[in-house]
Amino acid sequence: NEKTFPEEDIPRNQIIRKLDTYKTKRTKTIVDLGCGKAQIYEHFKDDKRFHIINYDHVSFSENVTKCDIQRTPLDDDSVEICILSLAMWGSNSKTYIKEAHRILESGGILYIIEPTKRWTDFDEQGNIKSITSNKLHDLLEENDFGVVTKTINKFSLFETIKKMS
């Protein structure tokens with residue numbers, strides 16, 4: 001399916017572009033929940049700015065830990081950045097947001113990108129009812145994430161921050 005998208009629109013590439021902007025002297029711990037083939041990890045594997053932990057329900061390599069991403073073995077408040085890229089497919093997907101909240105430190109960043117069509121209400125003509133009406137946006141806010149930026153196209157990309165408790 002990716003072959004039909006411009007390279008810059010592929011969800012993982014959108015996340016990679018966001019991470020590429022980071023300037024830091026300290027290594028940031030990133031967890032990629034539902035990482036698939038760990039392509040974000042592969043892009044940054046030699047980058048000292050990041051230590052990336054990959055979880056998915058299927059492990060394609062030694063760089064991916066097989067795990068139900070609604071219950072990772074990570075400690076509370078132990079991660080600086082969390083990624084959910086095309087990972088919200090299961091019937092229990094709302095619990096993935098809760099898990100991201102649990103493992104992220106206060107002020108931690110969650111990047112989440114999902115198909116807009118799946119999370120948006122449409123009118124009878126097939127048009128988006130409201131650009132601000134997005135069920136994923138609402139779910140993030142309900143789970144104590146503040147939306148920093150959002151881009152709504154074929155995919156909805158949210159950069160969020162875990163609110164201080």
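Which side chain meets Asp-47 in a salt bridge? Select Asp-47 and Arg-49: their side chains form a salt bridge with an N to O distance of 2.6 Å. The term covers a side-chain nitrogen of Lys or Arg within 4 Å of a carboxyl oxygen of Asp or Glu.

This is a predicted model, in which local features need pLDDT of at least 70, side-chain atom pairs count only at pLDDT 80 or more, and totals for chains, interfaces and linings use all residues. Residues are numbered from 1 along each chain as its sequence is written, and side-chain values use heavy atoms, with hydrogens and water left out.

Stay on Arg-49, which counts as buried at 18% relative accessibility. Buried means under 20% relative accessible area, exposed over 50%, and partly exposed in between (1.4 Å probe, protein chains only).

Next, select Glu-42 and Lys-45. The closest N and O atoms of this salt bridge are 3.0 Å apart. Glu-42 is partly exposed at 36% relative accessibility, and Lys-45 is partly exposed at 46%.

Then go to helix H3, residues 94-103. Helices are DSSP runs (H or I, at least four residues), numbered from the N terminus. Within H3, pick Glu-99 and Arg-102, which sit three residues apart, about one turn of the helix. Their side chains are joined by a salt bridge of 2.6 Å, N to O. Glu-99 is buried, at 5% relative accessible area, while Arg-102 is partly exposed at 25%.

Definitions and conventions
Helices (H or I, at least four residues) and strands (E, at least two) are DSSP runs, numbered from the N terminus.
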